[in-house]
Amino acid sequence: MYRLNSKDFLNFRVGKEIKLNDFLREKNLSSRLIRRSVKSESIYLNGKLNKKNKKLKINDIVSVKFEEEDLNGKIEHRVLDILYEDDDLILVNKEPFMVTHTAKDDTTGTLLNYLCGYFYGNNINRKVRFVNRLDRDTSGIVMVAKNSFTQDKISKEFKESVEKKYLAICNGIFHEKEGVIETPIALSEDKIRREVNYVTGKRSITSYKVLEEKDNMSLVLLTLHTGRTHQIRVHLSHIGHPIIGDELYFEKSNLIKRQALHSYSLKFKLPRNNKEIEIFAGVPHDFLFFGGNLLKKTFYWVII
């Protein structure tokens, strides 16, 4: 029998008398995961395989084994900037110009490929599950779940309660140094760009705070309150301060070869114990043309 470790198992201590399936639902396991675990005989009670929906006693230990899975991408190897890792999550500081997930035109050289290599090398026998993704030319934090329980729980929270902050270097000097942009966003007629559209657009909210100003540019900290495609890029362009180097919504730049946008921090609750943690990703080298104190900071994480 497997050792009931936290890498291979979810382990819960029972605090009241309750039926097993009801207990698992209270612990935020999805109905799909519960059904699959019952079918595959992956539920243990006090270290022994359990096949029934028993009534649990206080201090019983319920364990759910994660199924082993085949990797969902080609294995490639590259050193990754891993900001945080535990038995459930990996957070990576994605470099610019790297595609997050494989697609028709990108089957190799993606973050998925390199994470498959990392999983393979570290005996993590499960699929790579992205909780969020970033555009090819946007750098910063990508969150990856190591199991289906974490993916289900964090993905739901990501849209509502996870605090997502970005850094952008924008064109011009802001008249209002802090504010909220709340304008609806829709797909434009070219089916590529997004645009502010008060008729067909979906509710979109971005708050911002100017951190530093230099040479008719502004370093801005942005918080996403909704998650529309290209939301920050569209909102900043809409208020007249597009991101430097954003060729889709502004113009090419001699200072940087992409849009100067970086996923800087995520604040969220760890899936097993609900402790709040905040992860920060140091900015990439191509941001250093701006200078400034903030750009010299390295990444760190802290449990709050």
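Colleague: How do β17 and β18 pair, parallel or antiparallel?

Modeller: β17 and β18 pair in the antiparallel sense, over five bridges. Two strands count as paired if DSSP finds at least two bridges between them. Helices (H or I, at least four residues) and strands (E, at least two) are DSSP runs, numbered from the N terminus. This is a predicted model, so local features need pLDDT of at least 70 and side-chain atom pairs count only at pLDDT 80 or more, while totals for chains, interfaces and linings use all residues. Residues are numbered from 1 along each chain as its sequence is written, and side-chain values use heavy atoms, with hydrogens and water left out.

Colleague: Which residue stands opposite F280?

Modeller: S265 stands opposite F280 in β18.

Colleague: And the hairpin, which residue there takes a positive phi?

Modeller: N274, with phi near 60°. The hairpin of β17 and β18 has six residues between the strands.

Colleague: What else does β17 pair with?

Modeller: β11 pairs with β17 in the antiparallel sense, over six bridges. There, E163 stands opposite K267 in β17. β10 joins β17 too, by two bridges, and those strands run parallel. The bridge partner of G140 in β17 is S263.

Colleague: How many residues of β17 are buried?

Modeller: Seven of the nine, so β17 is largely enclosed by the rest of the structure. Buried means under 20% relative accessible area, exposed over 50% and partly exposed in between, with a 1.4 Å probe and protein chains only.

Colleague: Switching to rings. How many aromatic pairs does a search of the whole structure find?

Modeller: Four. Rings of Phe, Tyr and Trp (its six-membered ring) pair if their centres lie within 6.5 Å; planes under 30 degrees apart count as stacked, over 60 as edge-to-face and the rest as tilted. One of the pairs is F174 with Y208, which is tilted, at 5.3 Å centre to centre and 45° between the planes.

Colleague: Where do F174 and Y208 sit in the chain?

Modeller: F174 is in the loop between β11 and β12, and Y208 is in strand β15. They are 34 residues apart, so to speak distant parts of the chain linked by the pair. F174 and Y208 are both buried.

Colleague: What sort of pair do Y264 and F280 form?

Modeller: Edge-to-face, at 5.6 Å centre to centre and 65° between the planes. Y264 lies in β17 and F280 in β18, so the pair ties together parts that are 16 residues apart in sequence. Y264 is buried, with a relative accessible area of 12%. F280 is buried as well, at 11%.

Colleague: Which ring has the charged end of K164 over it?

Modeller: The ring of F158, with the charged end 4.8 Å from its centre. The criterion is NZ of Lys or CZ of Arg within 6 Å of the ring centre and within 35 degrees of the ring normal.

Colleague: Back to strands. Which side chains of β12 are buried?

Modeller: G179 and I181, which point to one face. β12 runs antiparallel to β15, joined by five bridges. The bridge partner of E178 in β15 is K209.

Colleague: Now α3. Is this helix mostly covered or mostly open?

Modeller: Mostly covered, with eight of its eleven residues buried. Among them are L111, Y114, L115 and F119. The buried residues of α3 pack against β8, β9 and β10, where contact means heavy atoms within 4.5 Å. N123 follows α3 and has a positive phi, near 55°.
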